[in-house]
Each structure stands twice: as structure tokens, then as C-alpha cells.
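The briefing below goes through a single protein model, topic by topic.

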Amino acid sequence: MTNNKEELKLIVKCTDEVKYGKLYGLNQEIPEEEFEKAKKYMTNFAPADFPDIMKISGNPRGWMCTHDDAPKVEEALNITETLAKREKEQAEKSKHYDENRKIKEEAQLKLEEIFFSASRPKQKLNILLKVADVVYDPANSFRDNSYYGGGHLYIILKNSIWYIMNNGREENNWNINNIEIDNAGGAVGFKVSYSDEVHDLIKIVSEENIYSGETLKEEDMNLSCGL
């Protein structure tokens, strides 16, 4: 059909809010003799074919089909990556994402209840990191933001678990910090006794993302315009 490595499929080329809705075109060119098989289910659109050109997004020109005619085009061209298949996969991904998000939100609420009434003894972060069994860095927040005084860590020790909230930004109140961080403003740390229940909650909210110890410096981030 084509030597293009990408699999042939229909993609959204244009969206008309007034009449047609989403219009689909092929993601690549194919030989004319092949395209002839699908032409009867498609229209060679031009801007004049739309009731209100101001309510169109995308390219209003070229061969496209409606969502209803898409299965006919796909059958004519033996397209296996059909819209129906991809829409089903996307719906399943969205459902899975929503379920995971709910589980993470519930776990986060439980952790907040546990840690924000916990003790806050003084300690040095480098000592906690040295003796930790494992350190979790949700969404790499500490790795990417510690340089700027932000980020969170969960530090798992044999007999205790610490929740570290970096509190080193200039606008932060450093007087409440009980965790010393070398060459930085410090952090607020909450300590609870170790339990598998708390550890499991942390695994959920952090997606078991282990702290790498690396930080992204400003000069490594290719920032421009003073941002």
C-alpha cells in the first residue's frame, strides 16, 4: 500500500463546529489507485463548503470524511488501526487513569492525616539520606526543585518514616524548619514510626519513584528571557 513506516490510519484534519464536526483525512499519501477505493466515501473539501469559516479549526482543504463514513474508508483501504479501535483504547486509558487518580488522592489524604499531626524532631537531611533504606521522590519534585528550595521526599528507615517538605525559598518562613539542608534554607520534616500501611500509601502516591539524588541546576535547563 505504501512504503511509509507509519501505519496507515485516519486522523483529525479539521473540526467544524456548525455542520460536520470532526473531519478525518489519511495520515500519509498513498498511490492514486489505492485512494480511488475510498474516494466515494470522502469529499474534497474547500473553505466554501463550510457554513461559517470562522468556526473551523484545522485545515479546511483536502480529502476528508465524516466520523460516520470513517469505517467505510477504513474497510476500503484495509486499515487496521481504526478510529473505533483507537477510541476504545483511549477510553480504557482514561478509565484506568481516573481510577488511579482516585486511589492516589485517597492515599494522599490518609498520609496528610498521619503526617501533619506527627512529631518534628531536628535532623540533618544528609544523615537521613545516608541511613535510609529507600527514598521516594513523588513526580521527581525534590530532584527538580530542591535547587529552588522546593520539593518533597518520603524517607523510609528501619524504624521510622519521614516526610520532608523543602522550605528553602526566600519567601518561606525558615523559622519553622527542623531539617537542616547543606547550603540551603532547610525543610520541614515529619516523623512517624515505621508501618507497612504507611509505606504502602507512600508507594501509591509516589508511584514508587525512587530519589536519584540528582538535581537540575538552572544552567542545565536552557532557560531564556530571564525565566
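Isoleucine 161, once its neighbours within four places in sequence are set aside, is in contact with Phe115, Ile155, Ile156, Phe190, Lys191, Val192, Ser193, Tyr194, Ser195, Val198, His199 and Ile202, where contact means heavy atoms within 4.5 Å. The model is predicted, so that local features need pLDDT of at least 70 and side-chain atom pairs count only at pLDDT 80 or more, while totals for chains, interfaces and linings use all residues. Residues are numbered from 1 along each chain as its sequence is written, and side-chain values use heavy atoms, with hydrogens and water left out.

**The nonpolar core**

- Ile161 is also one of the five residues, with Leu111, Phe115, Tyr154 and Ile202, that touch the most other members of the largest nonpolar core, a set of 17 residues; such a core consists of buried Ala, Val, Leu, Ile, Met, Phe, Trp, Tyr and Cys residues joined through side-chain atoms within 4.5 Å.
- At least two residues of this core come from each of α3, β7, β8 (152-156), β9, β11 and α6 (196-206), and the most, four residues, come from α6.
- Helices (H or I, at least four residues) and strands (E, at least two) are DSSP runs numbered from the N terminus.
- Buried stands for a relative accessible area under 20%, exposed for over 50%, and partly exposed for values in between, with a 1.4 Å probe and protein chains only.

**Helix α3**

- The 33 residues of helix α3 (residues 83-115) should span 48 Å at 1.5 Å a residue, and the end C-alpha atoms are 47 Å apart, which agrees; the expected span is 1.5 Å times one less than the number of residues.
- Leu83, Ala107, Leu111 and Phe115 are buried in α3.
- An α-helix has 3.6 residues a turn, so residues three or four places apart point the same way.
- Glutamate 99, which is found in helix α3, counts as partly exposed at 41% relative accessibility, and its C-alpha atom is separated by 40 Å from that of glycine 62, 37 residues apart along the chain.

**Aromatic pairs**

- The structure holds twelve aromatic pairs, a pair being two rings of Phe, Tyr or Trp (its six-membered ring) with centres within 6.5 Å, counted as stacked for planes under 30 degrees apart, edge-to-face for over 60 and tilted for the rest.
- The ring centres of phenylalanine 35 and tryptophan 63 are 5.6 Å apart and their planes are at 85 degrees, so this pair is edge-to-face.
- Because phenylalanine 35 lies in helix α1 (residues 32-35) and tryptophan 63 in strand β5 (residues 62-66), the pair ties together parts that are 28 residues apart in sequence.
- Phenylalanine 35 is buried, with a relative accessible area of 10%, whereas tryptophan 63 is partly exposed at 31%.
- For phenylalanine 116 and tyrosine 163, the ring centres are 6.3 Å apart and the planes are at 75 degrees, so this pair is edge-to-face.
- Phenylalanine 116 lies in the loop between α3 and β6 (123-124) and tyrosine 163 in strand β9 (residues 160-166), so the pair ties together parts that are 47 residues apart in sequence.
- Phenylalanine 116 is partly exposed, with a relative accessible area of 45%, while tyrosine 163 is buried, with 8%.
- One aromatic cluster is formed by Phe115, Phe116, Tyr154, Tyr163 and Phe190.

**Backbone angles in two loops**

- Most residues other than glycine have a negative phi, and most peptide bonds are trans.
- Asparagine 140, although not a glycine, has a positive phi of about 55 degrees, and this residue is found in the loop between β7 (134-136) and α5 (141-145).
- Asparagine 183 likewise has a positive phi, near 55 degrees; asparagine 183 is placed in the loop between β10 (179-180) and β11 (187-193) and is exposed, with a relative accessible area of 86%.

**The chain as a whole**

- The protein chain has six helices and eleven strands, and its C-alpha trace spans about 75 × 45 × 35 Å along the principal axes.
- The radius of gyration of the protein chain is 27 Å, whereas a compact globule of 227 residues would have a value near 17 Å; the radius is taken over C-alpha atoms, and the globule rule is 2.2 Å times the number of residues to the power 0.38.
- Of the 227 residues in the protein chain, 35% are buried.
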